[in-house]
Amino acid sequence: MWHFALRRGTVLLLTLLMVSIVAFLIPYIGEGDPALLVLRARIADPNVDLATLEAMRRQLGLDRPVAIQYLAWLGDALRGDFGLSFVRRAPVADMLGGALLVSITLALTALLVALLVSAPLGTMAAMRPGGRADTASTLLTQTLIAIPEYWMAPMAILVFALWLGWLPSAGWDSPASLVLPALVLALRPMAYFTRIIRAAMIDVLDAPYITAARSRGLGMAQTVMRHGLRNGAMPVITLFALWLAGLLGGSVVVEVIFAIPGMGRLIYEAVINKDIPVLQAGFVAIVALAVVINTLVDLAYLTINPALRHSHGA
Amino acid sequence: MHKTLILAFACAAAWPAAALAQGGKITIAENFPPRAGFALETDDANVLSKAGCLEPLTRIDFDGKLQPSLAESWTQAGPDAWDFKLRKGVTFQDGKPLTAAAAAASLNAVLKVPTPARAFSPRVIKSVEVVGEDTIRVTTPSPSVLTPLRLAAANAGILSPAAYKDGKIDPVGTCTGPFVITRVNGQQSLSLKRNDGYWGGKVALAEAEIKFIPDANVRATQLRTGETDIAGAVPASTLATLKRTSGIKVATLATPRTTTLLINTKKAPFDNEKVRQALQAALDLEGIAASVYEGSVQPGIGPFAPHEPWVKKAAKPAAHDVKKAQALLAEAGIKPGSLELEIMAYSEKVEFKDLAAILQDQFKAVGINARIRLAEYKALEPDMIAGRYDVALISRSHLVDVADPAGYLQSDYGCGGGFNLSQHCDKDFDARLAAATSEADAGKRYAVYAELAQHLQSKAVNVFVIHEAGNDGYKTKVRNYHIHPLYQYTLTKDLALD
């Protein structure tokens, strides 16, 4: 186990080094002068004075060669200093820390809601493939997959905030603010989880050890709880991790509509404003988290399935 | 004794609530959050000004007129120098008095930043000096009558010396305005309480919260759910619903912003005045205002809107006349169906897509074949600046620096103007504008602006399509709410709740 963790840690560091180079270069690709875009973001006026633009370029250090900029950035980053946002003039590390906390809270809540609904739904569908529960679950999952967030979010606001008045329509100032965005974000993973749990449980329920358990006199519900769910959980863990990594930076639509100060909105605004330090650090943070999450998933596999431990020599 | 004590405790416990109820707490949903660490040279100054915190020496009132603010009077000490006498008895929210030294230091801090604001930069302001116990002198690089107007910009707001520390700006407790910031919740919200020592008199509200909601539809929804009392810049598509909703009112104000069809006047055949006039006559501006904008805007009568003081009373939209347009094209030697042009439109302005389609249709009716290029502004701008375009839709404010359109006329229509996308150049136009900018009598100055606007309209330098309007929704329980013509003030001392 420790050998495996050490190996994955080395890979993680090498990956991050590669990512740092890519992350550093990304903002320089594409149209638009970063100094001009940053200036625009600050004064919201298309008519920019050339002398002011040059002053902005010098102030941001964009008049230096790119290689020098990269080495300086990497050195600072290794000390935990990602510099100041070009636009907000606030420490990037603080901005990312706050936004990550928000996004992790939102993503984990959404995925846990999705899991809580999809686990019984997928299992029920798997217990009688082709039955009523299975048909209803298939219909539901196909509908949920087809509904885009930019439609579902305003609809949720309309129903739960405007008509029923149960929940706030936007903001991030109380636990109630979390409910609507988490529900909207949960719908699509819920559909995918249900389908994969159904497929996994159909395989598991056909396995000889389930038959053996049943022949020992164990009831269906007990068999599923004790043996089925544990063994059917492997593909769900993979999917959960993929969704978690994706949602950390990829819930822009929901974050903008619900005015949530998360990573998606932060990165989106950084892209629009060419806020290079935020873009670079944000990209590294999201990739690093994705790699860390995948490593943790692999470790979780080893914990859940003892057979894998032997195959990894742990 | 026991009952008396209980009564005393009950009164004491109820007292803060009673005090709060007396003034009440208002919630406002706004679009733009502070994004630049409250740097006063950025639009964050406007956020602070709207929040009732930051105040400049002079101010533009809700009728668009210049009024005293932290300065009680001003005089022109020379062609390029103005003296501002500070109001007595003003204290910053940290208890320090407003002195000439503090005001000069605050203004110089804005001037000295590497990227100063256009309204208040070394290009237009040479120096700010203390010339008396309560007087500062502002000098300009060249004679200017606009200096008192420049001092009204939010960027020229005054903060206490304590606000400037370690290269950062902290507006918490360092403003002079009717409201004190108590909490900055990132880009989410600002919490404020009233400034009991406000120099301008009693402040009606006890507390306020400004929430920053980027989605305009959500702002409108928050007003309907009761989560906010005022929703700024609600979309035109929600106006009918809001007006139908009980307990909600909509305030509409024509803004100093015009949607214009820019014409590349240096490119043939648009260098021909008759061709440009044909484009102008081909468009049904009143129909466009009524359809695309659901009647919430006015058709364009020139670069400036009808309500502005620098507009001739008789100014009207260019008449929609298909036959005249065809005749003008024929006079210019253009055969029907032979003129092709490209309409550039940027996608950030949501209504431009529909507007471009209508322009395309109306041009076709006079025999002009138009194609549409819709893209993000930043993708179109390089071609527009380089003069590689035929016509382009743009939404442009003409009060970009100060409450006077001279800067706009110079930058957008002056020879060598910094944003002269239509490439208009007329020496006589420039000379008249230069003379106007040194004219101290505002009435005479405005008359020249009106004539210059008429010149742009009659020569069809561009087609001024519509004058944009701002729409804010608010609860009927809100008292004394008005949209400021420059969107500079929202929380005022008189804003109140029933």
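Two residues are in contact if their C-beta atoms, placed from the backbone, lie within 7 Å. Keep that in mind as we walk through this predicted model, where local features need pLDDT of at least 70, side-chain atom pairs count only at pLDDT 80 or more, and totals for chains, interfaces and linings use all residues. Residues are numbered from 1 along each chain as its sequence is written, while chains are lettered from A and ligands numbered from 1 in the order in which they are written.

**Start with chain A.** Among contacts in chain A with a separation of 6 or more, 71% join residues 24 or more positions apart. Show the cartoon: you will find 14 helices and zero strands (DSSP runs, H or I of at least four residues for helices, E of at least two for strands, numbered from the N terminus). Along the principal axes, the C-alpha atoms of chain A fill a box of roughly 85 × 60 × 30 Å.

**Next, select the contact between the chains.** Chain A brings 35 residues to it and chain B brings 33. On chain A, pick helix 2 (34-43), helix 3 (50-59), helix 7 (149-163) and helix 11 (252-257), the elements that each give two or more residues to the side touching chain B.

**Then colour chain B by pLDDT**, the predictor's confidence in each residue, from 0 to 100. Chain B averages 90, and 95% of the residues score at least 70. Now select residues 1-21 of chain B: here the pLDDT is below 50, and the stretch has four contacts beyond near neighbours in sequence. Where pLDDT is low, the predicted coordinates should not be read in detail.

**Last stop, the whole model.** Its scores are ipTM 0.70 and pTM 0.78.
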